[in-house]
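Reader: Could you take me through the sheet of this model and the nonpolar residues packed around it, one question at a time?

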Amino acid sequence: MISPNGRDQSAEKWCGPMVKRVLITGARSAAALDIARDFAAAGWEPHLADCVTSRLARWSSLSAHHHSYPPPRQEAEAFQRRILALVQTREIDLIVPTCEEVFHLAAPTLHARIGERLFAPNLAHLRTLHDKLAFARAVQEWGLNAPESVPIETSQDLETLADTCREWVFKPRFTRFGEAAIIAPDRQTLKKVRPSPEQQWMAQRYIAGQEVCFHAAVHRGKLTAFCAYTSRWRLSGGACYAFEPAGPDRRAPLLEMATQIADQLQLHGQFGCDVIFDARGIAHVIECNPRATSGVHMIANEGDLARAIAGDGAALDGARCAAYLAPAMWFFGLPTAIKQGRIREWHRCLNAGRDAISRPGDRLPFAGAIVDTARFALKGLRRKISTNAATTYDIEWNGEDLNR
């Protein structure tokens with residue numbers, strides 16, 4: 001008898017249960033390698049794929065299969081054909097996106113064919129989570145706190161906020177890494193904002209306080225994995241490269257918030273949110289990333305995250321210890337520590353946490369991450385964009401029509 005995924009169930013009956021296979025896309029990310037390790041620990045056969053060659057993943061000693069696919073942003077139809085071929089020929093049971101290829105995997109024509117194998121929401125829900133203005137409005141409707149948010153569609157919209165621009169944060173509605181955000185600008189800096197139909201902007205009321213992030217995995221509407229974390233080590237755009245568990249006073253309201261968001265949309269997939277706790281201790285949800293985030297490093301270790309994703313268990317207390325991205329800690333963190341007089345704090349972070357990229361007996365991903373970063377930097381120089389922008393150039397989605 002042949003199962004829906006094309007496997008011979010009679011062979012499974014006589015030979016014992018067959019190993020399940022997971023396709024983890026966005027292999028360029030550190031999160032992808034950590035998730036692959038976690039699925040391997042849970043007894044799955046990991047397959048990693050991307051449209052660029054990821055040395056970080058390929059140089060790992062992890063026993064995994066590596067695949068490539070065309071860039072989804074530039075070659076959508078070829079990307080879809082390749083994904084379908086991988087699912088069929090490799091008998092993939094589960095697809096776990098980690099980067100912005102999640103939006104292209106959720107394109108209606110492809111999602112209809114890979115169906116329940118895809119661990120991600122449908123495209124309509126992804127848009128609600130990814131569009132920063134739509135998300136802010138949605139969470140307010142759900143009774144959660146979010147800063148006042150207004151669209152900036154024309155120069156006239158911008159001018160109405162010019163006198164109070166110090167009270168706002170200006171950012172594109174579709175963006176990543178926080179590098180385009182302009183926080184409490186003066187009038188001169190505000191001139192950098194150039195709204196257009198191609199790049200829609202928004203203004204969000206500035207909230208002073210402590211930023212805390214959370215990551216969640218939701219299986220068919222039920223929260224199965226969660227961690228809340230903070231960071232004192234960030235790039236200039238705001239991206240973190242070291243993470244420590246948030247205290248229970250922060251974790252509890254964020255767990256409730258994540259549960260409510262998952263319930264409202266009956267989500268299926270991963271998402272993470274940035275939240276600000278103001279001086280009164282009130283949590284204001286700022287924005288959402290409907291994909292893998294750095295929080296996976298706080299959960300992935302012994303198969304708990306994999307089982308949570310597959311719906312076979314729960315990992316709601318995932319943030320057990322600090323974690324960091326070692327290449328970034330050395331190349332960005334150390335100079336920052338020297339400049340700011342934080343050497344002891346830097347040492348404590350390294351000693352107290354674990355490197356999410358390399359492990360004992362698996363150190364080459366450290367070098368692979370450096371090579372990958374250098375390649376993205378060169379790509380950015382060629383295209384006259386930042387290194388961060390280069391890392392998503394071939395996969396990002398900014399609200400374009402994907403109904404194909």
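Reader: Which residue in E2 is the bridge partner of Thr25?

Author: In this predicted model, strand E1 covers residues 21-25 and strand E2 covers residues 45-50, and the two pair in the parallel sense over five bridges. Thr25 belongs to this pairing from the E1 side, and its bridge partner in E2 is Ala49.

Reader: Which strands are the edge strands of the open sheet?

Author: The open sheet has four strands with parallel pairing, in the order E3-E2-E1-E4. An edge strand pairs on one side only, and this holds for strand E3 (65-68) and strand E4 (94-96). Neighbouring strands are turned by 25° against each other on average, direction ignored, and the edge strands asked for are E3 and E4.

Reader: What angle does the direction of helix H2 make with that of E1?

Author: Helix H2, residues 30-41, packs on the sheet and touches E1, E2 and E4. Taken against the direction of E1, the direction of H2 makes an angle of about 170°.

Reader: Which element gives the most to the largest nonpolar core?

Author: The largest nonpolar core has 53 residues, of which Ile24, Phe39, Val96 and Met329 touch the most other members. Ile24, leaving aside residues up to four places away in sequence, touches Ala32, Ile35, Ala36 and Phe39, among others, as well as Leu48, Ala49 and Val96. A second, separate core of 29 residues includes Leu144, Leu267, Phe271 and Phe277.

How values were computed
Residues are numbered from 1 along each chain as its sequence is written. This is a predicted model: local features need pLDDT of at least 70, side-chain atom pairs count only at pLDDT 80 or more; totals for chains, interfaces and linings use all residues. Side-chain values use heavy atoms; hydrogens and water are left out. Two strands pair if DSSP finds at least two bridges between them. Axes are lines fitted to C-alpha atoms, for helices over the stretch in contact, and angles run from 0 to 180 degrees between N-to-C directions. Contact means heavy atoms within 4.5 Å. A nonpolar core is a set of buried Ala, Val, Leu, Ile, Met, Phe, Trp, Tyr and Cys residues joined through side-chain atoms within 4.5 Å. Buried means under 20% relative accessible area, exposed over 50%, partly exposed in between (1.4 Å probe, protein chains only).
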